[in-house]
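Here is a note for a colleague opening this entry for the first time. Please read it with the model on screen.

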2 protein chains.
Amino acid sequence: MQFTENDFLSMEQRYRASFFNSLGGFKSLVLIGTTNTQKQTNLAVFNSLMHLGANPPLCSILVRPASVERHTYENILATNCFTVNHVNESFYKQAHQTSARYLRHQSEFKEVGLTEEYSTLSIAPYVTESPIKFACELVQVVEIELNKTLLVIGKIKEVIMQGDYVLEDGFVDIEKAGSMTVSGLDSYHKTNRLARLSYAKTDSPLKEI
Amino acid sequence: MQFTENDFLSMEQRYRASFFNSLGGFKSLVLIGTTNTQKQTNLAVFNSLMHLGANPPLCSILVRPASVERHTYENILATNCFTVNHVNESFYKQAHQTSARYLRHQSEFKEVGLTEEYSTLSIAPYVTESPIKFACELVQVVEIELNKTLLVIGKIKEVIMQGDYVLEDGFVDIEKAGSMTVSGLDSYHKTNRLARLSYAKTDSPLKEI
C-alpha cells in the first residue's frame, strides 16, 4: 500500500492525527508532574519524551501551547521544574485519563486517583505509583517555527527508582520495572525483550549480552 | 534508590550514556536510509525519531554531527531527503550492526545484508525488508545549542506498507506489522498490546476500543 500527499490532504483531521502519530513507531509513555506557584498540581500524559544527551543529562518534551498541555507548560515556566514518571500496567488507564480536559483548579492526581510525592530536590510532584521517575530543571525552550510547537528541555537533577533496576554497565532495565510503551494516541503496550546486543564493530560478529 | 547530580558526575562515560539513554523510556526503532549525490547509499539505526505534527506531517531525528551519524546527516544535507524504515524481528540484528563504523565508501545495506528499494518519489533508498516505511523531505535543521545536537526535521511525502495495517480510524497497527521498540542503546523488544483506550473525557469512563 502506498500513500502520498494527495492521500494525506484528503484525510479527515482526527484520522490524519492518528495515522501520523502511529507511523512514528513506539514511544515512551510518561506522566509529567508540575505545580504552579500556589501549589496547585497538574499531571499530564506525554508520548514525546526525547533523550537529548547524557553529559549533562538532558531530555525534552514537545508541547502544543494551544492544547490541554498548556497547564503543564505554564507551570514549567512558572516554577522551572517538572517530573517525568514512567507508567506501568497498574495505572496506565489513569495515565490516559489525565488527557481529559480538567479545569485549572482540578488536580489530575486527585481526579484520576494517583498519589503526589515530593523530594527535597524538586517542588514538582512525583507520582508515588511510578517505578522509575526523575526531576528536571527547565534549561531551554526551543520553538519549532514550522508548526509552533515547543521543545521544552530539562536537565535531570534527581532519579528515583522503586527497585534496583540498574545493571553493571549502567543500563536501566525498564522492562523489569514494568515500564510501558505507547503507539499512536491511545494504544498501550507491554514489552518482551528479544536481546541486548553488543557494541557493533566492523570486524567481529554481534553477541547477545 | 535515589541518584543525584554527584552520582551522575561520578559515573564513567559509557555507564552514564547507557543509564540516561535507558531512563528516557522505550523509543522508536528505525533505520534511516540516505544517499549522496554519487548514489553511494548509507543506512543507520536511530532511536530518536519524534512525531512533530500531522498537518503538515512532520517528524524529526536527532543527530550528533561528530559521531557515526555524520554520513547520514551529510547525505540529508546533500540530497534533502531520507527514508524512515520500521524494524522487525527478522532483521533487528542487522539494524543494530549498521551502527558499526563503516567507511564512507561502504554501504551498510551491503555490509549488513539488507536490500535497497526505490520509489519514484524519493532518491533516498528504502529498506525492502521493512514492513512500514516513509520518505521525508528535509525542511529544517534546528540546533540545540546546549549540547550541539541537531534536530533534523522532515516532511513526510510518501508512506509504504507491506500489508494493510491501517484501521478504520486511521490508527496504524504497528504491533501487527511486527515493528519493534528499543530501550537504552542496545536492548530490543517486541510488544504486547494491553488495550486501546477511548478519547478521555471528564464526565464519562474510559472504554477499550
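The points below go from the single chain to the contact between chains, and then to local details.

1. Basis. This is a predicted model, in which local features need pLDDT of at least 70, side-chain atom pairs count only at pLDDT 80 or more, and totals for chains, interfaces and linings use all residues. Residues are numbered from 1 along each chain as its sequence is written, while chains are lettered from A and ligands numbered from 1 in the order in which they are written.

2. Chain A overall. Five helices and 13 strands make up the secondary structure of chain A. Helices (H or I, at least four residues) and strands (E, at least two) are DSSP runs, numbered from the N terminus. The C-alpha atoms of chain A fill a box of roughly 60 × 50 × 35 Å along the principal axes.

3. Of the 209 residues of chain A, 51% count as buried. A residue is buried if 20 or more other C-beta atoms lie within 10 Å of its own, exposed if 12 or fewer, and partly exposed in between; C-beta atoms are placed from the backbone. Two residues are in contact if their C-beta atoms, placed in that way, lie within 7 Å. Among contacts in chain A between residues at least 6 apart in sequence, 61% join residues at least 24 apart.

4. The core. Which residues touch the most other members of the largest nonpolar core? They are Leu31(A) and Leu31(B), in a core of 110 residues. Such a core is a set of buried Ala, Val, Leu, Ile, Met, Phe, Trp, Tyr and Cys residues joined through C-beta atoms within 7 Å. Beyond its neighbours within four places in sequence, Leu31(A) has contacts that include Leu43(A), Val45(A), Val87(A) and Val127(A).

5. Two copies. The same surface serves both copies, as 100% of the contact residues of chain A recur in chain B.

6. The contact. Chain A gives 88 residues and chain B gives 88 residues. Strand β13 (residues 187–196) of chain A supplies the largest share of the chain A side, ten residues. By class, that side has 43 nonpolar, 29 polar and 16 charged residues. Here Ala, Val, Leu, Ile, Met, Phe, Trp, Tyr, Cys and Pro count as nonpolar, Asp, Glu, Lys and Arg as charged, and the others, Gly among them, as polar.

7. An open sheet of six strands runs β2(A)-β12(A)-β13(A)-β13(B)-β12(B)-β2(B), with antiparallel pairing. Strands pair if DSSP finds at least two bridges between them. The β2 strands (27–28) of chain A and chain B are the edges, each pairing on one side only. Nine bridges join β13(A) to β13(B). Asn192(A) has Lys190(B) as its bridge partner, and Arg193(A) has His189(B). β12(A) and β13(A) form a hairpin with three residues between them, and Gly184(A) in the turn has a positive phi of about 60°.

8. Helix α2. The buried residues of α2 (residues 13–23) of chain A include Phe19(A), Phe20(A) and Leu23(A). The buried residues of α2(A) pack against β12 of chain A and against β5, β6, β10 and β11 of chain B.

9. Loops to check. Asn147(A), between β10 and β11 of chain A, is in contact with Leu52(B), Gly53(B) and Leu58(B), its neighbours within four places in sequence aside. Asn147(A) counts as partly exposed, with 14 C-beta neighbours inside 10 Å. A cis peptide bond joins Asn55(A) and Pro56(A), with omega about 0°. Asn80(A) has a positive phi of about 65° although it is not a glycine.
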